[in-house]
Amino acid sequence: MCGIFGYVGHQEDAADIVFEGLKRLEYRGYDSWGIAVKKPGTGSKNTFAIRKRTGKIGNAKVSDLPKSSFGLGHTRWATHGGVTKINAHPHTDCTGSIVLIHNGIIENYEKLKKNLIAHGHRFVSETDSEVAVHLIEELNKTCSFTEAVRKAFLKLEGLNAIIVMHPRAHTFVGVRNGSPLVVGLGKGGNYLASDAAALLPHTKKVYFLEDNDLVVADAENVQIIEVKTGKRKKIKPRTLTWSIKQAEKGKYPHFMIKEIHEQPSILSEIASSGLSNAKKLSKHIDQAFDTYMVGCGTASYACIAGSYLFSKIANRHINWAVGSEFGYQLDFLTPKSLVMALSQSGETIDTLEAVKKAKGKGAKIFALVNTLGSSLYREADYSMLIGAGPEKAVASTKAFTGKLAHLVLLAYALAGKPKSGQSTLLKAAKASKTVLTPESRARIKKLAERMKNKEHIYVIGRGLSYPASLETALKIKEISYIHAEGFAAGELKHGVIALVEKGTPCIAFLPNDETYGANLAGAMEMKARGGSIIGISHKPHEVFDFYIPVADAQEATIIPNVIVGQVLAYYLAIARDLDPDMPRNLAKSVTVK
Ligand code: F6R
């Protein structure tokens, strides 16, 4: 969702620093952007130069903005008010001397706005965000600026993060509750960002704001204050382990294909380094009376896969739910329950809220996340990092297979056979590497060329291939905009088969497991209705119109199978002249409901 980047320091190129920061946040998804820098020579009163634009940053330049050492930028993903220049952030108060950017949704903005208008404030945008800056202006009449920000924030309902540029000093005042905010502690300057990866070119020393932390940052100092009490708080900075190189495209044309290619080595790495954590955490699963898995979108499909893996490998029943629904079905949780939350970003609001509700019932929380210091990482009783490195393409790839890899290890550890988990995973890494050879990619690309003008694609699987089907269909939908549906093959006859007609592409996952025969029957039924069958399997079959080989990796075959789906989705997007990294309407980190 919206991205934030701010700089205060001694360098005079704040506009460029902020602009580059925003470009690093582009992957989060946005529809307009804006930058404010303090104009030089304006004495004790700050006046600002502001640039706002709709659409993508593209080849925009900010070199005409004045030299400055104090700047703030924002990429907006519209919620309240259309995609217009006026609605883009930053927003200013009536005098233009307070500059604010906001992430989240101010749920009580209508009431606040009415009140502020009654007090003579003039609004120019349709956003909920503008309310915050006028509220600060109003409160600043009777108290210090920092205090005004603190008091204003306490009046905002909902999950929000705001950053304000001080009207009389080179100082940021920022607060968060729900929406992520991280401070970069640099040499000769400090930074604020919605996402730690954007800070990598400047510093690895960071502080992740906790809910209700207020930060006051100038070029030299960073202070944290508890928003509710106004008391100062000691901070414990962390060191980021990601490198700049990991967060760049390198030789690849898109982040998505780069991230797809990283998977075999990430899987091998998890196989070797994930074992000791898996052993430790499996004990908590073992001791829990009941265990649930929760996640959204792709992460929820990892949960479904987890439920099959735990059943198959460890004889263990684990429920799962999507984050947005879990809150409606957790009445039975007790302090003996364990909730496993899966998330790449660790900031997905639906997952976070589900976790908070579960905590309220006394359940213990285990988070499997990719982002160090993220909200879920901190909220959980036990946290484990996926270790996939920064994932920048909106469509999740390596974080998904990374989650699956840890679940394979956990299930085997729970079954008392951790080494088998490791060897299964290494087989999956090898099979994934084969899927990504130039010959294999060329084959999948050829298939994409054949399918690129189709209106519908159906994907079937049973057992672990059911979540593989859901995930493949989701990848195709989100980046190629072709309607794709994944479903349990057994459901074909219960309705979906009505949609199959001559030439409909039907992808069937047929791994070397107990589902092979029944799923093959499903593929045949589709073929009998004119469907064109794309078989993803360890062996060819005459029913296939197109065959993509994937080596057997036992229970972890879902991993290379899904990678075929990822590569297919990628080439479908390319064949349709779409940018796979930034699909329309989607955001990388979904921090609003
Ligand atoms: C799809 C995709 C989304 C995310 C979902 C949860 O490719 O990326 O469905 O999986 O928004 O995100 P995280 O894993 O960050 O909680």
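1. In strand β4, the residue that bridges to G3 is T75. The two strands concerned, β1 (residues 3-9) and β4 (residues 70-76), run antiparallel and are joined by 6 bridges; strands are DSSP runs of E of at least two residues, helices are runs of H or I of at least four residues, and both are numbered from the N terminus. Strands are taken to pair if DSSP finds at least two bridges between them.

2. On provenance, this is a predicted model, in which local features need pLDDT of at least 70 and side-chain atom pairs count only at pLDDT 80 or more, while totals for chains, interfaces and linings use all residues. Residues are numbered from 1 along each chain as its sequence is written, and side-chain values use heavy atoms, with hydrogens and water left out.

3. The β1-β4 pairing belongs to an open sheet of 8 strands with antiparallel pairing, in the order β3-β2-β4-β1-β10-β9-β11-β15. Its edge strands, each pairing on one side only, are β3 (48-54) and β15 (238-239). Helix α1 (residues 14-25) lies across β1, β2 (32-38), β4 and β10 (189-193), and runs at about 155 degrees to β1; axes here are lines fitted to C-alpha atoms, for helices over the stretch in contact, and angles run from 0 to 180 degrees between N-to-C directions. F5, Y7 and Y191 form one aromatic cluster.

4. Which residues touch the most other members of the largest nonpolar core? They are F310 and M340, in a core of 87 residues, to which helix α16 (residues 558-575) gives the most, with 12 residues. Another core, of 30 residues, lies apart from it and includes F5, A15, I17 and L25. A nonpolar core is a set of buried Ala, Val, Leu, Ile, Met, Phe, Trp, Tyr and Cys residues joined through side-chain atoms within 4.5 Å, where buried means under 20% relative accessible area, exposed over 50%, and partly exposed in between (1.4 Å probe, protein chains only). In soluble globular proteins, nonpolar side chains tend to be buried together.

5. Leaving aside neighbours within four places in sequence, M340 is in contact (heavy atoms within 4.5 Å) with I285, T291, Y292, M293, V294, F310, F366, L407 and L410. One of these, Y292, forms a tilted aromatic pair with F326, at 6.1 Å centre to centre and 45 degrees between the planes. Because Y292 is in strand β16 (residues 290-295) and F326 in helix α8 (residues 323-326), the pair ties together parts 34 residues apart in sequence. Y292 is buried at 7% relative accessible area, and F326 is likewise buried, at 1%. The whole structure holds 9 aromatic pairs, counted where the ring centres of Phe, Tyr and Trp (its six-membered ring) lie within 6.5 Å, with planes under 30 degrees apart called stacked, over 60 edge-to-face and the rest tilted.

6. The salt bridges number 19, each requiring a side-chain nitrogen of Lys or Arg within 4 Å of a carboxyl oxygen of Asp or Glu. One of them joins K475 to E471 at 2.5 Å, N to O; both residues lie in helix α14 (residues 465-480), 4 residues apart, about one turn of the helix. Separately, salt bridges that share partners join R176, D211 and K356 into one network.

7. Another salt bridge pairs E514 with K312 at 3.0 Å, N to O. This pair links distant parts of the chain, 202 residues apart, with E514 in the loop between β23 (505-510) and α15 (516-528) and K312 in helix α7 (residues 298-314). E514 is exposed, at 60% relative accessible area, whereas K312 is partly exposed, at 34%.

8. Finally, P40 is found in the loop between β2 and β3 and is exposed, with a relative accessible area of 52%. Not counting residues up to four places away in sequence, P40 touches P66 and K67.
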